Amino acid sequence: MAQIFPPWWNKLPLAAALAGVLVPALAVAGVWYFFSPWYTDVGYRPAQPVPYSHKLHVGELGLDCRYCHASVEISSVANVPPTQTCMNCHQVVKRDSEVLAPIRDSASSGRPMRWIRVHELPDYAYFTHRSHVAAGIGCVTCHGRVDEMVTVTQMAPLSMGWCLDCHRNPAPHRRPVSEVTNMKWTPPRHPQLRLAQLERERPVNPPTDCSGCHR
Ligand code: HEC
Ligand code: HEC
Ligand code: HEC
Ligand code: HEC
Ligand code: HEC
């Protein structure tokens, strides 16, 4: 008798059963992928060409962020400092250190250091440091305790949901502008009074419409 159904037909129930397992498994994997820190880059900590330590320079020596990231208040980008900023001290301090050789090479050749970028938004999202700093959002709110980091690590997901969470209710994240680079600032005892005062002195209105961040 001619076979109407090919032999693999027998396996169909098995295939259906497998699909019943596989499809949900893939869905779970997808959710895991998109919402896990791996996808959002939380914890990203690339090794840098020179083991520059914020813990030493900020936490112990007490340098202010703006000594090096000088454009953070006036520009969309917080610049990474030019080699000359390091040479201000390292011309004298640790001038024979082996780990500082790339800095000395960069200073004598004029070729900029190639620091590896840690935080990076896609090109289609617009972000500017200037407005956030002026609105009293501290560096620590978005970058964590940089003063305790030997190697800079990304602490926030920088996802759209993360931006919007704050934009919908920025008040609790605000502080006096004078304290934006202070990693240890804590709100005074009457937070409601403080918030009311900040709102009175400088009301803010972060964008929540698409064109605010996708220009
Ligand atoms: C003495 C100079 C210096 C000071 C002071 C300094 N930084 Fe940096 N910062 C650097 C250098 C150099 C890099 C690039 C190398 C690296 O990532 O470690 C950097 C990188 C960073 C990055 C990561 C940039 C990226 O690629 O995404 C952040 C965030 C940052 N600094 C925040 C701060 C904050 C906040 C402060 C103050 C609490 C501060 N820095 C103080 C020199 C400095
Ligand atoms: C205000 C002065 C100052 C500036 C500016 C400065 N440093 Fe330093 N740096 C120091 C001091 C002080 C030490 C610790 C020296 C010691 O351990 O005796 C140090 C130590 C280091 C070390 C460890 C060296 C070793 O052999 O252990 C590295 C690496 C380093 N700095 C990189 C940098 C880089 C990169 C920059 C520029 C982004 C920079 N520093 C800017 C003062 C400075
Ligand atoms: C509201 C959140 C937020 C605050 C507050 C903030 N940053 Fe950033 N920072 C970011 C984001 C987002 C990026 C990535 C920007 C991009 O890719 O365009 C970034 C990137 C950086 C970089 C890498 C260079 C650049 O501009 O892309 C440095 C350095 C930096 N920040 C330092 C600082 C310092 C210092 C402060 C405090 C004075 C600060 N940031 C405050 C969110 C913030
Ligand atoms: C912790 C709070 C906070 C986070 C997180 C935050 N923002 Fe904001 N953002 C603000 C505040 C507050 C303002 C309002 C400034 C004002 O009205 O003066 C603002 C303003 C802005 C503006 C308008 C700036 C201008 O000058 O027109 C843009 C664009 C923006 N944010 C993008 C982003 C993006 C993109 C992210 C995420 C990567 C982000 N923000 C994360 C608090 C935040
Ligand atoms: C406060 C800033 C902000 C606002 C407002 C905003 N976005 Fe975004 N959006 C972002 C950022 C930042 C990213 C990049 C997220 C990332 O890299 O994970 C993004 C990513 C996206 C993506 C890429 C999707 C993805 O998951 O990669 C789409 C699509 C998008 N936004 C659409 C919108 C639409 C539509 C609106 C208005 C309803 C909107 N956005 C409003 C900040 C914003």
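Helices here are DSSP runs of H or I with at least four residues, and strands are runs of E with at least two, both numbered from the N terminus. The model is predicted, so local features need pLDDT of at least 70 and side-chain atom pairs count only at pLDDT 80 or more, while totals for chains, interfaces and linings use all residues. Residues are numbered from 1 along each chain as its sequence is written, chains are lettered from A and ligands numbered from 1 in the order in which they are written, and side-chain values use heavy atoms, with hydrogens and water left out.

**View 1. The shell around ligand 5.** The largest share of this shell, four residues, comes from α9. Both α9 and α11 supply at least two residues each. A residue is near a molecule or strand if one of its heavy atoms lies within 4 Å of it. Of the 14 residues around ligand 5, those that come nearest are Met160, Asp209, Cys210, Cys213 and His214. A nitrogen atom of the ligand is 2.8 Å from an N or O atom in the side chain of His214. By class, the shell has nine nonpolar, four polar and one charged residues. Ala, Val, Leu, Ile, Met, Phe, Trp, Tyr, Cys and Pro count as nonpolar, Asp, Glu, Lys and Arg as charged, and the others, Gly among them, as polar.

**View 2. The shell around ligand 4.** There are 23 residues around this ligand, and Ser131, His132, Cys163, Cys166 and His167 come nearest. The helices α7 (129-134), α9 (160-168) and α11 (210-213) each supply at least two residues of the shell. Again α9 gives the largest share, four residues. The shell divides into 13 nonpolar, eight polar and two charged residues. An oxygen atom of ligand 4 is 3.2 Å from an N or O atom in the side chain of Arg202, and a polar side-chain atom of Arg215 lies 3.3 Å from an oxygen atom of the ligand.

**View 3. The iron atom of ligand 4.** His132 (NE2) and His167 (NE2) are the protein donors of this iron atom, lying 2.0 Å from it. His132 lies in helix α7 and His167 in helix α9, so the pair ties together parts that are 35 residues apart in sequence. Donors are N, O and S atoms within 2.8 Å of the metal (3.2 Å for Na, K and Ca); water is not among the atoms, so sites may look incomplete. The site is octahedral, with angles of 86 to 179 degrees among its six donor atoms. Six donors count as octahedral if opposite donors are over 155 degrees apart and all others between 65 and 115. His132 counts as partly exposed at 25% relative accessibility, whereas His167 is buried at 15%. Buried means under 20% relative accessible area, exposed over 50%, and partly exposed in between (1.4 Å probe, protein chains only).

**View 4. The iron atom of ligand 2.** The protein donors are His57 (NE2) and His90 (NE2), lying 1.9 to 2.0 Å from the iron atom. His57 lies in helix α3 (residues 54-60) and His90 in helix α5 (residues 83-90), so the pair ties together parts that are 33 residues apart in sequence.

View 5. Lys94 is not a glycine but has a positive phi of about 55 degrees. Lys94 is found in the loop between α5 and α6 (101-109) and counts as exposed at 60% relative accessibility. Leu158 is found in the loop between α8 (139-143) and α9. Phi of Leu158 is also positive, near 55 degrees, and Leu158 counts as buried at 18% relative accessibility.

Notes. A polar contact is a pair of N or O atoms within 3.5 Å; within protein, one must be able to donate a hydrogen and the other to accept it, and residues adjacent in sequence count only if both atoms are side-chain atoms. Four donors count as tetrahedral if all angles lie between 85 and 135 degrees; four count as square planar and six as octahedral if opposite donors are over 155 degrees apart and all others between 65 and 115; anything else is irregular.
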